[in-house]
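Please look over the model below before reading my notes. The points are numbered so that you can check each against the structure.

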Amino acid sequence: MKIYNTMHRQKEKFVPRHAGEVRMYVCGPTVYNYFHIGNARAFLFFDVVRRYLEYRGFKVTYVQNITDIEDKLIEQSKKEGKSVRSIAQKYIKAFNEDIAALGIKKPDFQPQATQYINEMIELIKKLEEKGVAYQVDGDVYFSVSEFEGYGKLSHKKLDELKAGARVEANKQKKHPADFTLWKKAKPGEPKWESPWGTGRPGWHTECVVMSRKLLKGTFDIHAGGIDLIFPHHENEIAQAEASNNKPLANYWMHNGYLNIEGAKMSKSLNNFFTARDILKKYDAETIRFFFLSKHYRSPIDFNEQILVESKQAVNNFYQSLKEIDFLSLDLENISYTNEQKKVQADFIAAMDDDFNTAKALSYLFELSKKVKKQQFNLEERRRNAKMLVELGQVLGFFSNIETKLEQNLNETAEKLIELMIKYRLEAKKNKNWQLADKIRDDLKKLGIELHDQKEGTDWEIVN
Ligand SMILES: [Zn+2]
């Protein structure tokens, strides 16, 4: 298995530190608001990484933190007129609801920063002892000039960072890239006692402390969005290595940006969507398909057209499973032949190559087509259906397959819908567009949605 390691900017053979086990850490949300669809890409993709590693037989320990103390939370608490703690609680709940709605598995550990304040103070004390941290009037900074490896992940050089720094940079700092380890509390802000006076830890410290503690030292995979490479992950590495001379993690994975209709997502452009907004319009599997249809390191463009196509693709999978009457299959007694094993091997080869989910999806299409092929013998179609669901579940699809497929339709109703589709086709052939559209619209009013495909028309019950 090969993973692209941001640290060395190349694909590398994946060798976990402990045979048969993978320990991974994914940076989680700052809980001051609902998370946006760009964050959803990271959460969803690394969920797939976890599922795939499990499919390959690894025991995975998955940690994702919650940043529950930070400037943004304090601002939001003023805006909503509530305590910082109640803001955190409100958005932790919302985060977990939205993650579940997206079909993302819960992490094994979900540590909150405020539960680790003492451990963070211990780390900062250690950095002070080592001479890489300094205090100025109640604030403590990490001195990047004292850590030789600074910039190794982001490939930035200290003098370039100095040149690029803004003029109005903090005068307390020895170097503009020095970052806050401990922040002195202003009146009315949440605060904890420390050797430097009352205050709170900086954001970059929590991930080092929580990951090392819960994953027991150096771990395998540290992951997050590309925007976290600098400064967040760079700063994590600096603290970890300066404090104990050991790498924090062996593989650094980062997913690409998300654009909206070609533009950068921003509140000022009015194209800012939360995952919650999008889930009102598209179901979780459509969103999952959309993200996985592109390689995780490439930027992805969020546009309506691609979402509509993603929805059709997922419907197509279900349609084929419906045609084979999947729920009535005796799966235990269906065994694969070399045909299915070949597709499975190809799927694994694609995923082993730095998680090429786009290619992996193409094998689901192949299987789905083979399930639908009436000229294939029934046994063969059933075997393909079983493999479709097995591999689909590795990517996180088909988790509610029973409910999705159990639509209280009797055979007669299905036949009637097929008949309407046939009449609509005839109307189209006679150029009677009005009637064709009316059939489609009337069916829609009954909750039956038609999807025209190259090979014919599929239908779907939408409520
Ligand atoms: Zn982090």
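1. Helices H12 and H13 of this predicted model run roughly antiparallel to each other, because their packing angle is about 150° and angles over 145 degrees count as roughly antiparallel. H12 spans residues 357-372 and H13 spans residues 378-394, with the two axes 8 Å apart. The crossing of H12 past H13 is left-handed.

2. Which residues make the contact between H12 and H13? On the H12 side they are Tyr-363, Leu-364, Leu-367, Ser-368, Lys-370 and Val-371. H13 contributes Arg-381, Asn-384, Ala-385, Met-387, Leu-388, Leu-391 and Gly-392.

3. In soluble globular proteins, nonpolar side chains tend to be buried together.

4. Leaving aside residues up to four places away in sequence, Met-24 touches Arg-50, Val-60, Tyr-62, Phe-219, Asp-220, Ile-221 and Ala-223.

5. As for the whole chain, 16 helices and 15 strands are present. Of the 463 residues, 40% are buried. Among contacts with a separation of 6 or more, 72% join residues 24 or more positions apart.

6. The chain is divided into domain 1 (2-255) and domain 2 (407-463), and their C-alpha centres lie 52 Å apart. Along the principal axes, the C-alpha atoms of the chain fill a box of roughly 80 × 50 × 35 Å.

Technical notes. Residues numbered from 1 in each chain as written. Predicted model: local features only at pLDDT ≥ 70, side-chain atom pairs only at ≥ 80, totals over all residues. Contact = placed C-beta atoms within 7 Å. Helix = DSSP H or I, 4+ residues; strand = E, 2+ residues; numbered from the N terminus. Buried ≥ 20, exposed ≤ 12 C-beta atoms within 10 Å, placed from the backbone. Domains from an automatic or database assignment. Axes fitted to C-alpha atoms, helices over the stretch in contact; angles between N-to-C directions. Parallel < 35°, antiparallel > 145°, perpendicular 65-115°, else oblique. Left-handed = near helix turned anticlockwise from the far one by under 90°.
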